[in-house]
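Please examine the sequence and the structure shown below. The paragraphs that follow lead through them step by step.

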Amino acid sequence: MGDVARHAGVSPQTVSRVSNGLDTVVDETRERVLASMRELGYRPNSAARALKSGEFRTIGIILFTLSTTGNVRTVEAIAASAAAQGYAITLIPVTVPTQEGVRGAFTRLGELAVDAVILLLEVHLLDTARVSIPPGVQVVVADSDAGEQYTVVDTAQADGTRQAVQHLLELGHSTVHHLAGPQESYAAERRAAAWRTTLEEAGREVPPVERGDWSPTSGYAAGLRLAARDDCTAIFVANDQMALGLVRALHDSGKRVPEDVSVVGFDDLPESSEFLPPLTTVHQDFAEVGRRLVTQVLRQVREGVHETGTDLVPTRLVVRASTARPA
């Protein structure tokens, strides 16, 4: 900074103001300082700046996996929104979704220079793992029922499920079968509960639940089982990837979609419109989820307040060619 000041013929304080983006420097002087920075190859020292300001301008993300579509798209949105606010992100993976794994992630968090944390994991593990959040670190949670303890941002999963099931019932199907995600997933359980409630409120039979692990392979296995049932004319699938495998299993079993079986997914992957047939599905706005997560956590950082409650991002049904009236 001293070298830049001498080169530009200004004081080190002026260089500091320009470096920090303050508007108290006249334009001519600012341009001269910026030119000297470029010529000398000067970059602000983020570690020194953090020590002086007490802010690291970094958001930590603790998550179990990047193999699911929801996590990948949410992290992508968080990174873009954080960058727009001048923040970087640090991924802290929990390689094994156990109590010990969660404890290890928070131990690692305590060693890292982050101002706030966004959790993309099942919060019930925090209670059983007896972890402690480092002092001064603000926390916001995605996709959880922990609104009484933390600020939560989630999509309106129950409403999206209700739209999907009602769509199939309104087409004339007597009931709707369900391929759910893993039981340890909050999102899977919320969608399964809403599916059941919607059928019960409509006075319809509630069929046994099939389970998958979010993958197309598990969807294919469940699809073979459902194809063997003569009473199955409509299926609500908890995500689009399992729906992809399920549709193939129906095809391999001689069942046509949607002529014999209607299928609705959840997520609205970019590829869902290219399925054969194009998939009717529930759209989740992951970009908006990421933006709200960053907005909420930075509000806590800047205002020093800790609020609880759930911020729901609306979902909507996208009707394509995989649903029709029963034969």
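Ser 36 is found in helix α3, residues 27-40; helices (H or I, at least four residues) and strands (E, at least two) are DSSP runs, numbered from the N terminus. The model is a predicted one, in which local features need pLDDT of at least 70 and side-chain atom pairs count only at pLDDT 80 or more, while totals for chains, interfaces and linings use all residues. Residues are numbered from 1 along each chain as its sequence is written, and side-chain values use heavy atoms, with hydrogens and water left out.

With a relative accessible area of 2%, Ser 36 is buried; the word buried means under 20% relative accessible area, exposed means over 50%, and partly exposed lies in between (1.4 Å probe, protein chains only). Not counting residues up to four places away in sequence, Ser 36 touches Val 4, His 7 and Ala 8, where contact means heavy atoms within 4.5 Å. The side chains of Ser 36 and His 7 are also joined by a polar contact of 2.8 Å. A polar contact is a pair of N or O atoms within 3.5 Å; within protein, one must be able to donate a hydrogen and the other to accept it, and residues adjacent in sequence count only if both atoms are side-chain atoms.

Helix α3 also meets helix α2. Two packed helices are described by the angle between their axes and the distance between the axes. The axes of α2 (residues 12-19) and α3 come within 10 Å and cross at roughly 85°; axes are lines fitted to C-alpha atoms, for helices over the stretch in contact, and angles run from 0 to 180 degrees between N-to-C directions. The two helices, α2 and α3, are therefore roughly perpendicular to each other, given that angles under 35 degrees count as roughly parallel, over 145 as roughly antiparallel, 65 to 115 as roughly perpendicular and the rest as oblique. On the α2 side the meeting residues are Thr 14, Val 15, Val 18 and Ser 19, and on the α3 side they are Thr 29, Arg 30, Val 33, Leu 34 and Met 37. By class, this contact of α2 with α3 has five nonpolar, three polar and one charged residues. Here Ala, Val, Leu, Ile, Met, Phe, Trp, Tyr, Cys and Pro count as nonpolar, Asp, Glu, Lys and Arg as charged, and the others, Gly among them, as polar.

The next topic is the sheets. Six strands form an open sheet with parallel pairing, in the order β2-β1-β3-β4-β5-β11; two strands pair if DSSP finds at least two bridges between them. Its edge strands are β2 and β11 (309-313), each pairing on one side only. Strand β1 (residues 58-63) pairs with β2 (residues 88-93) in the parallel sense over six bridges, and Leu 63 stands opposite Pro 93 in β2. Five bridges join β1 to β3 (residues 116-120), which also run parallel; in β3, the bridge partner of Ile 62 is Leu 119.

In a regular strand the side chains alternate between the two faces of the sheet. From β1, Thr 58, Gly 60 and Ile 62 point one way and Ile 59, Ile 61 and Leu 63 the other way, and all are buried. Helix α12 (residues 286-303) lies across β1, β3, β4 (138-142), β5 (151-155) and β11, and runs at about 160° to β4.

Another open sheet of six strands has mixed pairing and the order β7-β6-β8-β9-β10-β12. Its edge strands are β7 (210-211) and β12 (316-318), each of which pairs on one side only. Strand β6 (residues 177-180) runs parallel to β8 (residues 234-237), joined by three bridges. Helix α9 (residues 186-201) lies across β6, β7, β8 and β9, running at about 170° to β6.

Leu 250 is found in helix α11, residues 240-252, and counts as buried at 1% relative accessibility. Among the residues that Leu 250 touches, not counting residues up to four places away in sequence, are Ile 235 and Val 257.

Some backbone features deserve attention. Most residues other than glycine have a negative phi, and most peptide bonds are trans. The peptide bond from Val 257 to Pro 258, however, is cis, with omega near 10°, and Pro 258 lies in the loop between α11 and β9. Asp 268, in the loop between β9 and β10, has a positive phi near 65° and is buried, with a relative accessible area of 9%.
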